[in-house]
Amino acid sequence: MNTQRIPKQVTKAPSGAAVSSMPLHEVAIPVDKSITAQYMADHAYRECKRSLMIARQNRLNGDHEDVAFFLNDAAEFRRIYQAFANAVDVMGGL
């Protein structure tokens, strides 16, 4: 299992890369089509379920640090899912 963590904030980009230093929880993605918002909502939903499954597996293995990480990860994907699902509603659905 990859134990590398994604930082909340990127402070230095690799050479040639365009990376924002804005914290991930403050990033706003403009969505002008409901099909795009629905795709993103579906993706976030799947990632939330995946993170919960990995957290459950790590709990059975006794790895409490990874459990906490993946539960936080699932919560963030759930928040993203809700934001995109609301965007679909605001745009009038598909």
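Analyst: The accessible surface of the chain comes to about 7200 Å², and 55% of that area belongs to carbon and sulfur atoms. This is a predicted model, in which the chain has two helices and zero strands. Of the 94 residues of the chain, 19% count as buried.

Turning to the aromatic rings, the count comes to two pairs. One of them joins tyrosine 45 and tyrosine 81, whose ring centres lie 5.6 Å apart with an angle of 55° between the planes, so the pair is classed as tilted. The reasoning needs the cut-offs here: ring planes under 30 degrees apart would count as stacked and planes over 60 as edge-to-face, with the rest called tilted. The tyrosine pair links distant parts of the chain, since tyrosine 45 sits in helix α1 (residues 34-61) and tyrosine 81 in helix α2 (residues 64-90), 36 residues apart. Tyrosine 45 is partly exposed, with a relative accessible area of 43%, and tyrosine 81, at 30%, also counts as partly exposed.

The other pair is formed by phenylalanine 69 and phenylalanine 70, with 5.0 Å from centre to centre and 85° between the planes, which makes the arrangement edge-to-face. Buried means under 20% relative accessible area, so phenylalanine 70, at 9%, counts as buried, whereas phenylalanine 69, at 25%, counts as partly exposed.

Among the contacts in the chain with a separation of 6 or more, 59% are between residues 24 or more positions apart. Side chains of opposite charge can pair when their charged atoms come close. The count of salt bridges comes to two. In helix α1, arginine 50 and glutamate 47 lie three residues apart, about one turn of the helix, and they form a salt bridge in which the closest N and O atoms are 3.5 Å apart. Arginine 50 is partly exposed at 42% relative accessibility, while glutamate 47 is buried at 19%.

In helix α2, glutamate 76 and arginine 79 are three residues apart, so about one helical turn separates them, and their side chains meet in a salt bridge with an N to O distance of 2.6 Å. Glutamate 76 is partly exposed, with a relative accessible area of 26%, and arginine 79 is partly exposed as well, with 37%.

Key:
Residues are numbered from 1 along each chain as its sequence is written. This is a predicted model: local features need pLDDT of at least 70, side-chain atom pairs count only at pLDDT 80 or more; totals for chains, interfaces and linings use all residues. Side-chain values use heavy atoms; hydrogens and water are left out. Rings of Phe, Tyr and Trp (its six-membered ring) pair if their centres lie within 6.5 Å; planes under 30 degrees apart count as stacked, over 60 as edge-to-face and the rest as tilted. Helices (H or I, at least four residues) and strands (E, at least two) are DSSP runs, numbered from the N terminus. Buried means under 20% relative accessible area, exposed over 50%, partly exposed in between (1.4 Å probe, protein chains only). Contact means heavy atoms within 4.5 Å. Accessible areas come from the Shrake-Rupley method with a 1.4 Å probe; for residues, only the protein chains shown count as cover. A salt bridge is a side-chain nitrogen of Lys or Arg within 4 Å of a carboxyl oxygen of Asp or Glu.
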